[in-house]
Amino acid sequence: RVSQAVKVRPWTCYRLSAWVKTKDYIAGRAFRLTAIGAGDKGRSLSFYEVNLGKDQDWKEVEVVFNSLD
């Protein structure tokens, strides 16, 4: 698991992207890129889920979300 806190403006649309590569990867479940709000509930603002191959070359994954309040 990797996470990074990013300061955003309220009610603004953002695009979050990452490059992923695998080697000898054994998946327990799908890879998920998630935008989580910092409020009390820590609610999911958006997510992208994809199954990755055992040995997969670089792949860009992205999710678009609105920061809400």
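Reader: How many residues of the chain, in percent, count as buried?

Author: A residue is called buried when its relative accessible area is under 20%, exposed when the value is over 50%, and partly exposed in between, using a 1.4 Å probe and protein chains only. Here, 19% of the 69 residues of the chain count as buried. Please note that this is a predicted model, in which local features need pLDDT of at least 70, side-chain atom pairs count only at pLDDT 80 or more, and totals for chains, interfaces and linings use all residues. Residues are numbered from 1 along each chain as its sequence is written, and side-chain values use heavy atoms, with hydrogens and water left out.

Reader: Which secondary structure does the chain have?

Author: Helices (H or I, at least four residues) and strands (E, at least two) are DSSP runs, numbered from the N terminus. This chain has zero helices and four strands, and along the sequence the pattern reads β-β-β-β. The C-alpha atoms fill a box of roughly 40 × 20 × 15 Å along the principal axes.

Reader: What share of the contacts joins residues 24 or more positions apart?

Author: A contact means heavy atoms within 4.5 Å. Among the contacts in the chain with a separation of 6 or more, 57% are between residues 24 or more positions apart.

Reader: How many salt bridges are counted?

Author: A salt bridge is a side-chain nitrogen of Lys or Arg within 4 Å of a carboxyl oxygen of Asp or Glu. By this rule there are three salt bridges. One of them pairs Glu 60 with Arg 15, with 3.2 Å between the closest N and O atoms. This pair links distant parts of the chain, 45 residues apart: Glu 60 belongs to strand β4 (residues 59-66) and Arg 15 to strand β1 (residues 13-20).

Reader: Are these two side chains buried or exposed?

Author: Glu 60 is partly exposed, at a relative accessible area of 36%, whereas Arg 15 counts as exposed at 51%.

Reader: Which other residue does Arg 15 meet in a salt bridge?

Author: Arg 15 also meets Glu 62, with an N to O distance of 2.6 Å. Arg 15 lies in strand β1 and Glu 62 in strand β4, so this pair ties together parts that are 47 residues apart in sequence. Glu 62 is partly exposed, with a relative accessible area of 36%.

Reader: Where do the partners Glu 49 and Arg 32 lie?

Author: Glu 49 forms a salt bridge with Arg 32, and the closest N and O atoms are 3.2 Å apart. Glu 49 is in strand β3 (residues 44-50) and Arg 32 in strand β2 (residues 31-36), so the pair ties together parts 17 residues apart in sequence. Both count as partly exposed, Glu 49 at 43% relative accessibility and Arg 32 at 44%.

Reader: Which residues do salt bridges with shared partners join into one network?

Author: The network consists of Arg 15, Glu 60 and Glu 62.

Reader: Where is Arg 1 placed?

Author: Arg 1 is in the segment before β1, and it counts as exposed at 98% relative accessibility. In sequence, Arg 1 and Arg 32 are 31 residues apart; in space, their C-alpha atoms are 9.9 Å apart.
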